[in-house]
2 protein chains.
Amino acid sequence: MKAKNPIDQLADQPVQWLSDDGPDAGITVSTRIRLARNLAGIPFPTKANTRHRQAVLQMVREAVAGVPLMDGCIDVKMSSLAELDRVFLLERHLISREHCSTRKTGNSVFVARGENCSIMVNEEDHLRLQVMTAGMQLEQLWQLVDHVDSLLTERLQYAYSDDLGFLTACPTNVGTGIRASVMLHLPGLVFANQIEAITQAVHTIGFVVRGLYGEGSDTAGNLFQVSNQSTLGESETYIIEKLEKIIRQVVEHERNARQVLLERKPKYLYDHIGRAYGILRHAYILESSEALRQLSALRLGIDLNMFSSIDAHTINELMVMIQPGHLQKIHNRTLDENERDIARADIVRGRLNDSKRQTTDEQSH
Amino acid sequence: MKAKNPIDQLADQPVQWLSDDGPDAGITVSTRIRLARNLAGIPFPTKANTRHRQAVLQMVREAVAGVPLMDGCIDVKMSSLAELDRVFLLERHLISREHCSTRKTGNSVFVARGENCSIMVNEEDHLRLQVMTAGMQLEQLWQLVDHVDSLLTERLQYAYSDDLGFLTACPTNVGTGIRASVMLHLPGLVFANQIEAITQAVHTIGFVVRGLYGEGSDTAGNLFQVSNQSTLGESETYIIEKLEKIIRQVVEHERNARQVLLERKPKYLYDHIGRAYGILRHAYILESSEALRQLSALRLGIDLNMFSSIDAHTINELMVMIQPGHLQKIHNRTLDENERDIARADIVRGRLNDSKRQTTDEQSH
C-alpha cells in the first residue's frame with residue numbers, strides 16, 4: 001500500500017502526536033523513549049555483512065506486521081530516499097543523524113501512520129524502537145513501547161544475557177537498552193541563570209541535561225532534553241519513575257523562576273513576549289535562530305495566558321515546519337538560505353494569522 | 001472664557017490641523033510659516049523694559065481680538081505656566097525652545113483653538129506669528145498667514161522700512177520676516193544614502209535641510225525640514241513658490257528611491273515595515289528613538305498601501321503624543337524614563353489596536 005513517495009504522505013500531514021499536549025505544555029514539550037535491541041545469533045550491524053543485514057530487515061518486517069500500531073506503516077529503505085526526504089525524516093525525529101547519512105543495504109525505517117512510533121533497522125543496533133508523545137507522559141509511553149516490544153518478541157529472538165540483560169553494539173546501552181528523554185522549555189531558568197546549576201544537580205544523580213540547539217547561552221529556543229544515562233543495573237520502571245521525579249522538580253523550578261520574573265519585571269516580560277508575537281506575525285524574513293528564539297517567547301506567553309488564539313500545539317508544529325528540510329519539502333525544491341528565511345517567515349505568518357482568524361483577538365495586559 | 005488650566009483644553013484634544021493630510025502624506029508631513037514682526041517706536045524685546053513689554057502684550061491682545069481665526073483662543077503668560085505645560089506647548093510646536101524657558105513679564109502666547117495658528121509675544125521679536133498645516137499646502141498657508149497679518153495691521157503699526165522691509169531683532173529675519181518650512185519623511189533617500197547630496201543641492205540655491213531628530217545617521221524618524229534661509233531681497237510669494245518647487249523635486253527623488261527599493265528588495269522592505277508594525281502594536285516598553293524609527297517604517301508602509309486600517313494621520317498624532325511632556329500631561333504627573341517608555345508603548349499599542357478594530361485586517365503581501 002505504498003504511494004509513489006511514502007515520505008510525501010508524512011509531509012502532507014501535521015505531526016499528529018504533537019497535538020496531544022499535557023497539563024504542563026508550556027514547559028514539557030515532548031517525551032521520547034527508545035529501546036535498543038539486537039537479534040540473537042547475528043552480528044551487530046557494524047560487523048554484519050550484506051546477507052546478515054538483509055536477513056535482519058526481513059525478520060523485523062515480519063515482526064512489525066504483528067504490531068497493530070504499525071498497521072499501514074511507512075516502510076522505506078534509506079538507500080531509496082532522496083536527500084531531502086532523509087533530512088525530512090531526521091527533522092521529524094523519526095531517524096537518527098547516523099541513519100540519515102547511511103545508504104547501506106538493509107538500512108531501513110518503519111514509521112507508524114501517526115508518527116508516534118518508528119523502528120530503525122540496522123542502525124547501530126539491529127532495532128531501534130522509538131515512541132514519542134507531546135508533553136510529559138512517561139508512564140503511558142513506557143506502557144506503549146513495552147507493549148510494542150512484547151509483540152515484536154513474539155516473532156523475534158533478541159540477543160539477551162541473564163546477567164547483563166539486552167546486548168547492544170555499544171556498552172552504554174547494555175542492560176535495559178532504554179533511553180527515556182523529556183524535552184523541556186526553560187526560559188525562566190535560562191533568564192535566572194540557573195540552567196548550569198540544574199544541569200549539575202541532575203548529572204550527580206545519573207541523568208543528563210542537553211541544550212537542544214547549541215550549548216549554554218547559544219540555546220536559542222530555550223529547549224533542553226533531560227534523559228537517563230545508565231541502562232545497566234536499574235529496571236526500566238525505576239528509570240522512568242526517577243526521570244519523572246526529576247522532571248517534576250525541574251518544572252517546579254521553572255514555574256518559580258517564571259513567577260519571580262512575572263512579579264519583578266512584568267512589563268519586561270510582556271514586552272519580550274509581545275514583541276516576539278508582533279515580529280512572528282508580521283516579519284517577511286526570519287532566520288532559523290531568531291524564529292526559535294521568538295517562538296520560545298511566544299510559548300512562554302501562551303503559558304502565561306497572554307493569547308487566546310494560539311496554543312502550545314501551534315508552537316510545536318511551527319518548530320517542526322520551519323526546519324530547512326521541511327521548508328524545502330513544502331516548496332518541493334532546493335532553497336538557498338535567503339529563500340529559506342523568506343519561506344520560514346511565510347509559514348509562521350500564515351499559521352499565526354490563521355490562528356487569529358479562528359478565534360478572537362489576543363488579550364491585552 | 002478660560003478654563004482653570006487653558007493648556008488642559010489642548011491636551012484633551014488631538015492636534016486638529018494634523019488630520020488634514022495632503023496627497024503626498026507619506027512624504028510631506030507638515031508645513032509651517034512664521035512671520036517675525038515688531039511694533040514701531042518700541043525697543044525690540046531684548047532691549048525693552050517691563051513697561052514696554054507689557055504695552056506690547058496689551059496692544060497685540062487687542063489686535064488679536066480682531067482676528068476671527070483667533071476667536072476663543074488660548075491667551076497665556078509664560079510665567080503663569082507650570083513646567084509641564086510649557087514643555088507641552090513646545091512639543092506641540094506652538095512655542096519656541098527660547099520661549100519655553102523664559103518667564104519674563106510680557107512673555108505670552110496666543111493659540112487658536114484649532115492650533116493651526118499661534119502668536120508668541122515678546123520672544124526675539126514683538127510678534128512671532130505662525131500657521132501650520134498637515135501635508136504640503138504652502139500656497140494656502142501663505143494666504144492664511146498673510147490674511148491674519150493684514151488683520152493685525154489694522155490695529156498695530158509694524159516697524160517697517162521702505163528700503164529693508166520689516167525690521168527684526170536679528171538681521172537674518174529683516175525684509176519679509178518670513179520662514180517657510182516643510183517637514184518631509186525621507187526613508188528612501190536615507191536608505192539610498194542620498195540625503196547628503198540633496199542637502200547640498202538645496203543649500204546652493206539658498207535653502208536649508210535639517211534633520212529633525214539629530215544630524216546625519218542619527219535621524220531616527222527619517223524626518224527632515226526644508227526651509228528658506230534668506231528673507232531679504234525676495235518677495236514672500238517668490239520664496240513660497242521656490243520652496244514648493246524644491247519640495248516637489250525632493251518628493252520626486254524620494255518616490256524614485258522608494259520605487260527602487262520596492263523593486264530590488266521587496267521582501268526586505270516588507271520585513272522592515274511588518275516588524276515595525278508588529279513591535280509597535282505589541283511592545284510594552286518603547287524608547288523614544290525606537291518609537292520614532294518604527295513609526296517611520298509604518299508611515300512608509302502606509303504610503304505603500306500595506307495597511308488599510310492606519311493612515312498618515314495616525315502616525316502624525318502618535319509622533320506628537322509620545323513625547324515626554326505629552327506622556328506626563330496625560331498621566332498628570334512626572335514620569336521617570338522607564339515609566340515614560342511604558343506609557344509610550346501603552347499609547348502606541350492602544351492607538352494601533354483602536355485603528356485595527358475600526359476596520360478590517362491589514363492586507364497581507
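This briefing walks through how two protein chains meet and then looks at some residues inside them. The model is a predicted one, so local features need pLDDT of at least 70 and side-chain atom pairs count only at pLDDT 80 or more, while totals for chains, interfaces and linings use all residues. Residues are numbered from 1 along each chain as its sequence is written, chains are lettered from A and ligands numbered from 1 in the order in which they are written, and side-chain values use heavy atoms, with hydrogens and water left out.

**Where the chains meet**

- Let's start with the head count: 24 residues of chain B are in contact with 24 residues of chain A, where contact means heavy atoms within 4.5 Å.
- Together the two chains bury about 2000 Å² between them, and carbon and sulfur atoms give 53% of that. Buried area here is the accessible area (1.4 Å probe) that two parts lose on being put together, summed over both.
- Which three residues supply more of chain B's buried area than any other three? They are Arg275(B), His282(B) and Tyr284(B), with 34% of the area that chain B buries against chain A.
- The rule finds two salt bridges across this interface. A salt bridge is a side-chain nitrogen of Lys or Arg within 4 Å of a carboxyl oxygen of Asp or Glu.
- Glu290(B) and Arg275(A) meet through their side chains in a salt bridge, at 2.8 Å from N to O.
- Eight residue pairs are in polar contact between chain B and chain A, both residues being at pLDDT 80 or more. A polar contact is a pair of N or O atoms within 3.5 Å; within protein, one must be able to donate a hydrogen and the other to accept it, and residues adjacent in sequence count only if both atoms are side-chain atoms.
- On the side of chain B that touches chain A, helix H9 (266–282) and helix H13 (337–358) of chain B each supply at least two residues. H9(B) gives the largest share, eleven residues. Helices (H or I, at least four residues) and strands (E, at least two) are DSSP runs, numbered from the N terminus.

**Salt bridges inside a chain**

- Over all chains, a search of the whole structure finds 38 salt bridges.
- Arg258(B) pairs with Asp303(B) in a salt bridge whose closest N and O atoms are 2.5 Å apart. Arg258(B) sits in helix H8 (residues 236–264) and Asp303(B) in helix H10 (residues 288–303) of chain B, so the pair ties together parts that are 45 residues apart in sequence.
- Arg258(B) is buried, at 4% relative accessibility. Buried means under 20% relative accessible area, exposed over 50%, partly exposed in between (1.4 Å probe, protein chains only).
- In chain A, Arg248(A) and Glu244(A) form a salt bridge (2.7 Å, N to O). Arg248(A) is partly exposed at 47%, whereas Glu244(A) is buried at 16%.
- Glu123(A), Glu124(A), Asp125(A) and Arg128(A) are linked in a network of salt bridges.

**Asparagines in loops**

- Most residues other than glycine have a negative phi.
- Asn122(A) has a positive phi, near 60°. Asn122(A) lies in the loop between strand E4 (117–121) and E5 of chain A and is buried at 2%.
- Asn332(A) also has a positive phi, about 60°. Is Asn332(A) buried or exposed? Asn332(A) counts as exposed, at 64% relative accessibility.
- Asn107(A), in the loop between helix H4 (97–100) and strand E3 (108–111) of chain A, is buried at 2%.
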